[in-house]
Amino acid sequence: MTQRASVGRNDPCPCGSGQKYKKCCMLQKTGLKAESIADLYYRNYRIKLKTQKDIEGIRTSGRLVVDTLRKVEDFIRPGITTNQINKLVHDYTLKNGAVPAPLNYRGFPKSVCTSINEVICHGIPSERVLNEGDIVNVDVTSILNGYYADANMTFFVGQCGDDAQKIVEVARESLKRALAVVKPDNTLGDVGWAIQEYAEGQGCSVVREFIGHGIGKVFHEPPDVPHFGKPKTGITLVPGMVFTVEPMVNLGKRFLRVLDDEWTAVTRDGSLSAQFEQTIVVTEDGYESLTPYEL
């Protein structure tokens, strides 16, 4: 007896209805109606699946975020201060009719996070000067027409050494590999595992105290998106889920400490740290980045 091949969610339903499997017998098998999935995810996980209107709003905000990061990329050079980066981001955001989300968020005093070398995240802009060979992560979140979008990149300041080159490349590739497994019926554990397996395989470590998050009309909302995990564990991905993936990868060990300003997180062993982040939406057959830039 031949065994029937497994049916994918977007394949024609084997019952002959003419509908896709996900719209027909898959729902009967799970006992769900299509319109109840959003209710189920909100009731069980407090996850708000996004409508097409929501997604378009986040996408529009996301275009501004990426445009802002490109302005920063062109601006960065040895001799500038992180306060100057903050002014650029603040002014460009307001010029485009948006609001910089970090400013005054839970007391954060600036419009952008700038994290240099051993700073993992939440670095506060100051008169600190960027020097040749530094790396700096710039994390931009904008609110446009009520919708948030969040992304970051790590930049080289002038010519950088081998360690800087390595950690930036590992962080970039970690995000790329994580996004590659985002599709319906995979899990958040699959996303975390893709990052952890690769980064640790390169002799680096993954920060666990800070994670990705849902986003929409609120800066941070469910689900939590760890950058470590086990395959096929955690919440199952479904279309309409919007969240950030933002692995923070250290050249040394994963442990950190937070400075007296209660924001700046640094590697405990002083090793370099790098990060890349995008805001994405799960689609019917994969994902779309709402803050797209090439990895």
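Predicted model: local features only at pLDDT ≥ 70, side-chain atom pairs only at ≥ 80, totals over all residues.
Is the crossing of α5 and α6 left-handed or right-handed? Keep that in mind while you read; point 2 has the answer.

1. The average pLDDT of the protein is 93, and 89% of the residues score at least 70.

2. The crossing of α5 and α6 is right-handed. Helix α5 covers residues 162–180 and helix α6 covers residues 188–201; their axes are 8 Å apart, and the packing angle is about 150 degrees. If you want to find the contact on screen, pick out Val170, Glu173, Ser174, Arg177 and Ala178 on α5, then Val191, Ala194, Ile195, Tyr198 and Ala199 on α6.

3. Helix α4 is residues 82–95, and its axis and that of α3 come within 10 Å, crossing at roughly 145 degrees. The crossing of α3 and α4 is right-handed. From α3, the contact uses Leu64, Asp67, Thr68, Lys71, Val72 and Phe75, while α4 brings Gln84, Ile85, Leu88, Val89 and Tyr92. The tally for the contact of α3 with α4 is 7 nonpolar, 2 polar and 2 charged.

4. Stay on α3 for a moment and go to arginine 59. Helix α3 spans residues 52–75, and arginine 59 sits in it. Which residues does arginine 59 touch, not counting those up to four places away in sequence? They are Glu288 and Leu290. With glutamate 288 there is a polar contact, side chain to side chain, at 2.8 Å.

5. Last, the aromatic rings. The structure holds 4 aromatic pairs. One of them is phenylalanine 108 with tryptophan 263, an edge-to-face pair: the planes are at 85 degrees, and the distance is 5.1 Å centre to centre. Why does this pair tie together parts that are 155 residues apart in sequence? Phenylalanine 108 is in the loop between β1 (99–100) and β2 (113–116), whereas tryptophan 263 is in the loop between β11 (256–258) and β12 (265–267), so the pair links parts that are 155 residues apart in sequence.

Methods: Residues numbered from 1 in each chain as written. Heavy atoms only, no water. Helix = DSSP H or I, 4+ residues; strand = E, 2+ residues; numbered from the N terminus. Polar contact = N/O pair within 3.5 Å; in protein donor to acceptor, adjacent residues only side chain to side chain. Contact = heavy atoms within 4.5 Å. Axes fitted to C-alpha atoms, helices over the stretch in contact; angles between N-to-C directions. Left-handed = near helix turned anticlockwise from the far one by under 90°. Nonpolar A, V, L, I, M, F, W, Y, C, P; charged D, E, K, R; others polar. pLDDT = per-residue confidence, 0-100. Phe/Tyr/Trp six-rings, centres within 6.5 Å; stacked < 30°, edge-to-face > 60°.
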